[in-house]
Amino acid sequence: MTPTEIRVSKDRKLLTVSFGAESFALPAEMLRVLSPSAEVQGHSPEQRVTVGGKRDVTISRIEPTGNYAIRITFDDGHDTGIFTWSYLSTLGREREARWNGYLAELTEKGLQREPR
């Protein structure tokens, strides 16, 4: 499954990815805090990091990675996550559950969405 369209909003806070008739609007903050990078995900579930303070993050640049993914550079300098088409589709389909899980983790760890 390859996207038919990838678009960044003018304010750089939203990435829209379309797969034919299915389209997902993914906020930059969500993409940043759920980045598939080792920096965020770790090398095992136990090493995963909950990233707070990214409410105002924006997308600086998107670069294709082969025919299977994009690399997103965020304005905080994070650029190590490779977002595969499959992962972007999963984030779109599971957006609410994943976002609610992230918000619960923030609360549990005493973190905030706002930058400090």
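**Sheet, helices and loops**

Student: How do strand 5 and strand 6 pair?
Tutor: Strand 5, residues 69-74, pairs with strand 6 in the antiparallel sense, over three bridges. Two strands count as paired if DSSP finds at least two bridges between them. Strands (E, at least two residues) and helices (H or I, at least four) are DSSP runs, numbered from the N terminus.

Student: What kind of model is this, and how are residues numbered?
Tutor: This is a predicted model, in which local features need pLDDT of at least 70 and side-chain atom pairs count only at pLDDT 80 or more, while totals for chains, interfaces and linings use all residues. Residues are numbered from 1 along each chain as its sequence is written, and side-chain values use heavy atoms, with hydrogens and water left out.

Student: Which residue in strand 6 is the bridge partner of Ile70?
Tutor: The partner of Ile70 is Phe83.

Student: What packs on the sheet there?
Tutor: Helix 3, residues 85-93, packs on the sheet and touches strand 5 and strand 6. Contact means heavy atoms within 4.5 Å. The direction of helix 3 makes about 75° with that of strand 6. Axes are lines fitted to C-alpha atoms, for helices over the stretch in contact, and angles run from 0 to 180 degrees between N-to-C directions.

Student: How many residues of helix 3 are buried?
Tutor: Seven of its nine residues are buried, so helix 3 is mostly covered. Buried means under 20% relative accessible area, exposed means over 50%, and partly exposed lies in between (1.4 Å probe, protein chains only). Among the buried residues of helix 3 are Trp85, Tyr87 and Leu88.

Student: New topic: where is Thr58, and is it buried or exposed?
Tutor: Thr58 is in the loop between helix 2 (38-41) and strand 4. Thr58 counts as buried because its relative accessibility is 15%. Leaving aside neighbours within four places in sequence, Thr58 is in contact with several residues, including Arg12, Ala28 and Phe74.

Student: What about Arg12, where is that?
Tutor: Arg12 is in the loop between strand 1 (5-8) and strand 2 (14-19). Arg12 has a relative accessible area of 32%, so it is partly exposed. Its phi is near 65°, a positive value in a residue other than glycine.

Student: How many aromatic pairs are there?
Tutor: There are three. Rings of Phe, Tyr and Trp (its six-membered ring) pair if their centres lie within 6.5 Å; planes under 30 degrees apart count as stacked, over 60 as edge-to-face and the rest as tilted. Trp99 and Tyr102 form a tilted pair, because their ring planes are at 40°, with centres 5.1 Å apart.
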